[in-house]
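Have the sequence and the model open side by side.

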Amino acid sequence: GSTVPDEDARDSSFWKNEAFWGSYQQEKCVAELSPVNETDLCTVPYRLYDHLKTPVFIVEAITDAVVMCGFEGLPCKPEDLLLADVRDFIDDYAANFTQSAARLFTDTPRNGLFAASCLMHT
């Protein structure tokens, strides 16, 4: 099964990533989120996207076994990726990503996305 780790990809954990990497924060996003003391959320992709004007091309491995190892507490042994609860999480994650990514193409036809969804690491 899977467990929730201390460090994860939820909004509430992005301050750790921002602090560790010293990430650039988009000025308009910082201005919007400064009053509520949440500027670290400017590194969260779906929060940052609203502030981008330049078209983007995103390359993302949605369900790559190597990338998902330890992600959100997923197990790293390949055979564990076939467990029902793990498989359900992976399927839900892929569906959520696909739904979120759809706005890339409704906002502007100039955006692009390559998002492989395969457990084989390529």
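This is a predicted model. Start with the residues that helix α5 hides: Val 86, Ile 90, Ala 94, Phe 97 and Ala 101 are buried. Why do they lie on the same side of α5? They cover an arc of only 75° around the axis, which puts them on that one side. The spacing rule behind this is simple. An α-helix has 3.6 residues a turn, so residues three or four places apart point the same way.

Now take the helix as a whole. α5 runs over residues 84–101 and has 18 residues. From first C-alpha to last, α5 reaches 25 Å. That is close to the 26 Å expected at 1.5 Å a residue.

What covers the buried residues of α5? The cover includes two strands, β1 (57–61) and β2. It also includes two helices, α4 (65–68) and α6 (103–107). Turn to the face of α5 directed away from the buried side. There you find the exposed residues Ala 84 and Gln 99.

Next, the surface. Strand β2 spans residues 112–116, and Phe 114 is found in it.

Last, look at the loop between α2 (27–33) and α3 (45–49), where Asn 37 has its place. The phi of Asn 37 is near 55°. That is a positive value in a residue other than glycine. Is Asn 37 buried or exposed? Asn 37 is exposed, because its relative accessible area is 68%, and exposed means over 50%.

How values were computed. Residues numbered from 1 in each chain as written. Predicted model: local features only at pLDDT ≥ 70, side-chain atom pairs only at ≥ 80, totals over all residues. Heavy atoms only, no water. Helix = DSSP H or I, 4+ residues; strand = E, 2+ residues; numbered from the N terminus. Expected span 1.5 Å × (residues − 1). Buried < 20%, exposed > 50% of the residue type's maximum accessible area, 1.4 Å probe, protein only. Arc of directions from axis to C-beta. Contact = heavy atoms within 4.5 Å.
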